[in-house]
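Please read it with the sequence and the structure side by side.

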Amino acid sequence: MVTPYWQVDLWALGFLVLTLLFIITLSQLLAVIFKKTLVVVGIELLLIVGYDFLHQKDLFKPFIKFLPFEYLFGVSVVFPDEKYLFGTNSMLIGAGYLLICSLIFYLLTNLLYQKWLYRTK
């Protein structure tokens with residue numbers, strides 16, 4: 001199957017926007033919980049580097065497709081391998097998964113911000 005370059009670039013750009021949205025909402029949630037910028041950056045780096053380390057282990061392979069960090073590496077989603085993630089549906093499933101996680105992170109951030117942490121008299 002031959003796909004024009006512009007179409008692949010358009011899909012990759014859209015997926016990049018969803019990836020950035022996921023990272024931003026995760027950062028917001030961690031910032032509301034920990035209230036320190038440096039801690040948030042450190043936790044995100046640990047999550048991504050730790051995931052990259054575990055990604056290479058055979059024991060971890062069956063669980064890869066259920067973690068949102070796998071979809072942050074766009075090459076495996078834009079050019080899917082039939083045996084790897086979800087085949088030709090990897091982009092649609094990954095986009096939906098990142099969008100749902102971003103929405104959940106945003107709603108949790110909003111709830112924590114309004115109800116718990118910053119409301120003082």
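Axes are lines fitted to C-alpha atoms, for helices over the stretch in contact, and angles run from 0 to 180 degrees between N-to-C directions. The model is predicted, so that local features need pLDDT of at least 70 and side-chain atom pairs count only at pLDDT 80 or more, while totals for chains, interfaces and linings use all residues. Residues are numbered from 1 along each chain as its sequence is written, and side-chain values use heavy atoms, with hydrogens and water left out.

**Overall make-up**

- The protein has 4 helices and 0 strands, where helices (H or I, at least four residues) and strands (E, at least two) are DSSP runs numbered from the N terminus.
- Read from the N terminus on, the order of elements is α-α-α-α.
- Of the 121 residues in the protein, 31% are buried, a term that means under 20% relative accessible area, with exposed standing for over 50% and partly exposed for values in between (1.4 Å probe, protein chains only).

**Crossing of H1 and H2**

- The axes of H1 and helix H2, the latter made of residues 37–55, come within 9 Å and cross at roughly 130°.
- The two helices H1 and H2 are therefore oblique to each other, given that angles under 35 degrees count as roughly parallel, over 145 as roughly antiparallel, 65 to 115 as roughly perpendicular and the rest as oblique.
- The crossing of H1 and H2 is right-handed, which applies if the near helix is turned clockwise from the far one by less than a right angle, anticlockwise being left-handed.

**Nonpolar patch and Ile24**

- Leu13, Leu16, Leu20 and Ile24 make a nonpolar surface patch of about 370 Å².
- Isoleucine 24 belongs to helix H1, which covers residues 5–34, and is partly exposed at a relative accessible area of 48%.

- Valine 17, a residue of helix H1, is exposed because its relative accessible area is 52%.
- Between valine 17 and alanine 95 there are 78 residues of separation in sequence, and 9.9 Å in space, C-alpha to C-alpha.
- Leucine 99 sits in helix H4 (residues 90–117) and is partly exposed, with a relative accessible area of 45%.
- Leucine 99 and leucine 21 are likewise 78 residues apart in sequence, with 7.9 Å in space from C-alpha to C-alpha.

Key:
Patch = residues over 30% accessible without salt bridge, like charges linked within 9 Å, V, L, I, M, F, W, Y side chains within 5 Å. Areas by Shrake-Rupley, 256 points an atom, 1.4 Å probe, with all protein chains shown as cover. Salt bridge = Lys/Arg side-chain N within 4 Å of Asp/Glu carboxyl O.
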